[in-house]
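Here's a quick tour of a few local features worth a look. Have the model open as you read.

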Amino acid sequence: MTFSHDTEQALGTLVRLVNTMPGPNSQVDSLDTLEELEKFVQEREFSAVDSLSDKDLAEVRDLRPLFAPVFTTDSDASAATMINAIIARGTATPRLTNHDGHPWHIHYSRAGASLACRITVECGIALAQVISAGERERLRRCEAPDCNDALIDLSRNRSKRYCDARTCGNRLHVAAYRERRKASGE
């Protein structure tokens with residue numbers, strides 16, 4: 001399944017947002033300051049974002065626990081219920097735009113919407129597209145034993161097991177290699 005560039009961008013934003021939360025193996029919140037929010041906005045290439053405030057920070061932080069359970073739910077119906085509740089929090093006003101040199105694409109939030117509203121609607125719609133395409137299993141958590149980061153598997157054969165934020169896959173492959181060498185007496 002191939003999703004549009006905008007859907008993949010929104011899903012990447014969502015993964016990045018959810019992974020800013022403190023996890024079971026790290027109590028670090030990487031979206032704790034306005035500077036971190038500004039960096040997030042820049043990294044995720046949000047357009048037309050004016051100055052951000054403490055209110056924006058609080059609103060965006062409040063979205064994380066709403067989106068996080070979507071990566072661990074075990075049914076489409078449960079995911080749909082969560083996603084519908086998330087989308088209902090925002091104000092959807094679909095419109096075509098071609099800003100910043102990008103070809104025509106759809107923005108689902110109204111012009112001038114708050115950052116939190118934009119994330120709510122854009123990421124919520126992207127999740128709805130994943131579920132409606134029958135691809136919920138592409139939303140999951142990293143399988144590394146010391147990591148619980150969210151991930152979106154956009155590989156053709158749904159084989160992605162580890163997050164991108166850390167070196168989880170590489171660390172586990174190296175450990176398995178060393179174990180094999182040790183077992184063979186090398």
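## Two loop residues

Arg158 sits in the loop that links strand E4 (150-152) to helix H6 (168-183); helices (H or I, at least four residues) and strands (E, at least two) are DSSP runs, numbered from the N terminus. Its phi is near 55°, a positive value in a residue other than glycine. Arg158 counts as partly exposed at 35% relative accessibility (buried is under 20% relative accessible area, exposed over 50%, partly exposed in between, with a 1.4 Å probe and protein chains only).

Glu45, in the loop between helix H2 (34-43) and helix H3 (54-67), also has a positive phi, near 55°. Glu45 is exposed, with a relative accessible area of 58%. For context, most residues other than glycine have a negative phi.

## Where the numbers come from

This is a predicted model, so local features need pLDDT of at least 70 and side-chain atom pairs count only at pLDDT 80 or more, while totals for chains, interfaces and linings use all residues. Residues are numbered from 1 along each chain as its sequence is written, and side-chain values use heavy atoms, leaving out hydrogens and water.

## Cysteines

There are 0 disulfides here, a disulfide being a pair of cysteine sulfur atoms within 2.5 Å. Cys142 is in none, and its nearest cysteine sulfur, that of Cys168, is 3.8 Å away. Cys142 is buried, with a relative accessible area of 6%. Cys117 is buried too, at 11% relative accessibility.
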